[in-house]
Amino acid sequence: MTPLEIEIAGEIRANGPIGIDRFMALALGHPRHGYYMTRDPFGLAGDFVTAPEISQVFGELLGLVAAMTWQSLGEPDQVALVELGPGRGTLMADALRAAKALPGFTACLDVHFVEMSPVLQRAQAEALKDSGKHPTWHASIDSLPDDRPLIILANEFFDALPIRQFQRYQGEWRERLVGIGGDGTLALGLDRTAAQGLTLDGPDGAVFETSPISLDIMRRLAERIVVQRGLVLAIDYGYAKFSFGETLQAVRRHKFAPVLANPGEADITAHVDFAALSIAAKRGGAKVYPVLTQATLMERLGIRHRAEILKRKADDPAEVDAAIDRLAGTDSHAMGLLFKALAITSDDLGPPPAFDLTDPLLAA
Ligand code: SAH
């Protein structure tokens with residue numbers, strides 16, 4: 001048992017089974033033992049690889065989106081360039097470098113990071129040390145500046161936020177809870193009583209996943225940009241069309257692992273429900289664009305063109321091609337279709353680069 005498992009089991013023995021949201025929050029964010037609080041999980045030697053770590057092109061293209069959004073805002077003197085869950089800070093470092101194409105933008109922006117992990121905050125400071133920008137860190141979105149437009153980027157942030165699961169059982173929804181099984185280890189079970197307030201219909205056995213925290217954050221970000229003006233661009237793996245099913249997963253050293261085993265030692269995520277996030281953003285009053293696949297986002301932002309320029313300078317052009325294929329490819333091993341992008345803006349802004357209000361809704 002990991003130290004965190006012992007602590008969680010103690011909490012369950014004292015107070016009864018806990019929601020999956022509580023389990024996830026502890027497994028990822030426990031101050032001493034939480035997965036993100038104790039390590040840098042990225043890269044080949046770590047547990048998983050994310051888009052900005054695959055190629056600099058990813059952050060560069062998002063930097064150009066940010067710069068064009070600043071133009072579309074009318075080039076305000078002060079703008080907050082915000083990233084939620086910046087990991088190693090690679091995306092922001094690449095974005096700031098690319099944004100230098102518009103020197104006026106660089107002069108007007110301040111960098112703000114929403115990040116809970118002290119280990120990753122240190123990595124982020126290191127990543128930005130030659131950028132000319134000193135980030136300000138925030139424990140949550142609440143303390144972000146409220147007196148200027150916001151350009152907010154989030155890559156693989158929402159997938160790390162806690163979810164709850166409900167299962168249809170004899171015609172009613174019961175919450176799935178983490179308790180202690182016969183062998184003394186953590187085990188999933190159903191709440192003894194029906195969940196209140198879930199009006200959804202579904203067949204027995206169906207699992208309904210929802211991330212109330214994600215929806216709350218998205219609604220509040222929308223409310224912020226409605227007042228302050230700006231953009232939120234969220235990229236994550238997930239689905240654009242709601243369906244039942246469970247997607248909670250743990251990954252350790254690039255392999256799937258049992259979700260409840262070794263809490264604090266494995267990354268735990270769930271697929272992001274972009275349909276629900278879009279509704280939350282609409283509730284917050286924002287203009288919400290149809291969700292794109294990462295492949296479409298990358299192609300429309302000109303990833304192929306950017307790759308040609310990089311290849312001319314690269315020692316190994318085939319490596320650049322392989323990275324681009326991973327980001328924008330549509331094969332099952334690539335990220336292009338599994339990952340989705342949601343853009344929301346204040347009403348006064350035109351469409352962000354690559355987004356179009358008349359796009360048909362994605363099928364998946
Ligand atoms: N965007 C980065 C990292 C993704 S991993 C990349 O693409 O490489 C998730 C990031 O979100 C980590 O930086 C993690 O520490 C942060 N994070 C997760 N939950 C958080 C929370 N509740 N509050 C603030 N940061 C969080």
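These legends describe close-up views of a predicted model of a protein chain with its ligand.

**View 1. The whole protein chain.** The chain holds 13 helices and 17 strands. Its C-alpha atoms fill a box of roughly 60 × 40 × 40 Å along the principal axes. The radius of gyration is 21 Å, which agrees with the value near 21 Å for a compact globule of 364 residues. Of contacts between residues at least 6 apart in sequence, 76% join residues at least 24 apart.

**View 2. Surface and interior of the chain.** The accessible surface of the protein chain comes to about 15,800 Å². Carbon and sulfur atoms account for 53% of that surface. Buried residues make up 55% of the 364 residues.

**View 3. The shell around the ligand.** The ligand is surrounded by 18 residues. Thr50, Gly85, Gly87, Glu115 and Asn155 are the closest. By class, the shell divides into ten nonpolar, five polar and three charged residues.

View 4. Thr50 places a polar side-chain atom 2.5 Å from an oxygen atom of the ligand. Gly87 takes part through its backbone: a polar atom there is 3.0 Å from a ligand oxygen. At Met116, a polar backbone atom is 3.4 Å from a nitrogen atom of the ligand. Taken alone, the ligand exposes 570 Å², and the protein buries 92% of that area.

**View 5. Helix H6, residues 90–99.** Nine of the ten residues of this helix are buried, so H6 is largely enclosed by the rest of the structure.

**View 6. Gln228 in helix H9.** Gln228 belongs to H9, which spans residues 212–228. Its relative accessibility is 8%; the cut-off for buried is under 20%, so Gln228 counts as buried. A polar atom of the Gln228 side chain lies 2.9 Å from the backbone oxygen of Pro145. Leaving aside residues up to four places away in sequence, Gln228 touches Pro145, Asp146, Asp147, Arg148, Pro149 and Leu150.

How values were computed. Residues numbered from 1 in each chain as written. Predicted model: local features only at pLDDT ≥ 70, side-chain atom pairs only at ≥ 80, totals over all residues. Heavy atoms only, no water. Near = heavy atom within 4 Å. Polar contact = N/O pair within 3.5 Å; in protein donor to acceptor, adjacent residues only side chain to side chain. Areas by Shrake-Rupley, 256 points an atom, 1.4 Å probe, with all protein chains shown as cover. Nonpolar A, V, L, I, M, F, W, Y, C, P; charged D, E, K, R; others polar. Helix = DSSP H or I, 4+ residues; strand = E, 2+ residues; numbered from the N terminus. Rg over C-alpha atoms; globule rule 2.2 N^0.38 Å. Buried < 20%, exposed > 50% of the residue type's maximum accessible area, 1.4 Å probe, protein only. Contact = heavy atoms within 4.5 Å.
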